[in-house]
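Take a look at it first, then read on.

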Amino acid sequence: MGSKSHSFGPQSQIEMGALDERSVLQFDDENLSSPSVRSIDRTTDSLDAFHPKAVSSSQSNFTCMGNPVLRSLKIVIFSNKLNILMPFGPLAILIHYLTGNHGWVFFLSLVGITPLAERLGFATEQLAFFTGPTVGGLLNATFGNATELIISIYALKNGMMRIVQQSLLGSILSNMLLVLGCAFFSGGVVFFKKEQVFNKTAATVNSGLLLMSVMGILFPAALHATHTEAHDGKSELALSRFSSCVMLIAYGAYLVFQLFSHKRLYEGEAGDDDDDEVPEISKLECIIWLAILTAWISVLSEYLVDAIEGASVAWKMPIAFISVILLPIVGNAAEHASAIIFAMKDKLDISLGVAIGSSTQIAMFAIPFCVIVGWIMGRPMDLNFQVFETATLFITVLVVAFLLQDGTSNYFKGLMLILCYFIVAASFYVHVDPSSIEDKKPSKA
């Protein structure tokens with residue numbers, strides 16, 4: 001009995017020990033995913049965060065985020081290769097005071113404004129992330145035309161009404177023929193085997209507004225050319241001011257149409273952008289950069305306008321060609337780049353909104369706005385763009401409206417628009433403006 005008990009005892013203990021071990025292992029397997037274990041794991045992970053390596057990593061991230069000024073400067077100034085042209089602006093001012101060479105001052109100012117106009121467009125696009133797509137598109141068009149407006153106001157201040165008229169006309173021609181043409185051509189080459197489509201209804205509305213602007217510009221020119229003014233020298237100016245007020249009212253109604261009553265027509269083109277894109281700078285940074293860039297463009301624009309006449313003489317180039325062709329190419333640099341990029345991504349509604357929307361804003365807002373500002377300044381700024389310029393605008397609007405009517409685009413349509421712009425540029429190169437700058441300057445008496 002005793003031996004049996006003795007022999008049974010150790011064996012039972014061994015068996016019970018093995019059983020207990022299997023039970024523990026089974027218990028552990030069944031409870032690894034229990035809430036209590038997961039909470040312990042989370043506690044362990046949180047304690048690991050206090051490890052020296054984790055702390056040093058957090059401190060490094062904090063250091064990077066702790067310099068918002070340097071980060072903003074890096075994004076806005078040092079991230080774009082085009083900004084290598086920025087030093088040309090201060091160099092233009094230096095040349096102005098050292099040598100007074102108008103040709104070089106004009107050239108350097110023109111080159112120096114180019115990256116500023118592009119960065120102005122970038123800051124506006126960043127601000128659009130915080131304002132919504134529709135309002136953002138309007139802001140993009142507005143600040144995209146800020147360069148032309150600033151140059152126009154300085155020219156208006158100096159009594160150079162013809163430069164104001166021709167530079168704004170050139171912006172419309174550049175956007176409708178060159179910018180839109182390059183967008184259609186680039187998109188057509190990338191998507192060679194298909195026709196790209198866009199919102200035909202929105203394009204038709206913009207075409208109608210552009211034709212209305214042609215009407216407002218055509219009648220003062222016709223009144224002047226036919227010598228049928230009721231009051232010689234006064235009727236043309238009075239009609240221009242009245243038409244400008246009407247055009248501004250029409251543009252205000254268009255904003256209500258676009259932003260409120262028929263917002264659905266424009267939501268599609270605004271919503272085509274990538275959903276995963278996030279702003280690179282904050283809302284406050286956007287506003288600050290818009291103010292800085294606008295102020296610097298204003299400074300360079302003053303030197304640019306003052307040097308136009310001297311550059312025309314030095315280069316033996318008509319002022320009309322400089323105003324209609326060279327100035328708008330610089331002012332439209334941001335629109336040109338963004339329209340091509342969006343077309344190559346098959347987002348043609350956005351490209352069309354940039355090119356045609358910008359032209360519409362210049363025709364229906366910027367031009368009549370300058371007439372009203374000239375009225376306040378006591379400058380005889382009118383809508384008589386002369387017969388040659390008015391005819392060019394009329395034909396351009398007709399050609400573009402005809403190509404947009406079916407709501408499709410391809411590389412050949414883009415090529416046609418580009419070639420039309422070459423014809424316009426050559427025409428203004430051989431065109432002698434009948435009204436010199438001095439003819440339009442108000443008398444000092």
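Predicted model: local features only at pLDDT ≥ 70, side-chain atom pairs only at ≥ 80, totals over all residues.

Residues are numbered from 1 along each chain as its sequence is written, and side-chain values use heavy atoms, with hydrogens and water left out.

Two helices, α9 (161-190) and α19 (411-429), each give two or more residues to the patch, and α19 gives the most, with 6. V189 sits in helix α9; V189 counts as partly exposed because its relative accessibility is 44%, between the cut-offs of under 20% for buried and over 50% for exposed (1.4 Å probe, protein chains only).

Now for the inside. The structure holds 1 cavity of 30 Å³ or more; a cavity here is a set of points on a 1 Å grid, over the protein atoms alone, where a 1.4 Å probe fits but cannot get out. The lining of the largest cavity includes E148, I151 and S152, along with S167, S171, L327 and P328; lining residues have an atom within 4 Å of a point. Helices α8 (146-157), α9 and α15 (319-331) each supply at least two of the lining residues.

| Largest cavity | Value |
|---|---|
| Volume | about 40 Å³ |
| Largest share of the lining | α8, 3 residues |
| Lining residues by type | 3 nonpolar, 3 polar, 1 charged |

Notes. Helix = DSSP H or I, 4+ residues; strand = E, 2+ residues; numbered from the N terminus. 1 Å grid on protein atoms, 1.4 Å probe; cavity = no way out; pocket = protein on both sides within 12 Å on 5 of 7 lines; lining within 4 Å. Points joined across faces, edges and corners; volume = space filled by probe spheres on them. Nonpolar A, V, L, I, M, F, W, Y, C, P; charged D, E, K, R; others polar.
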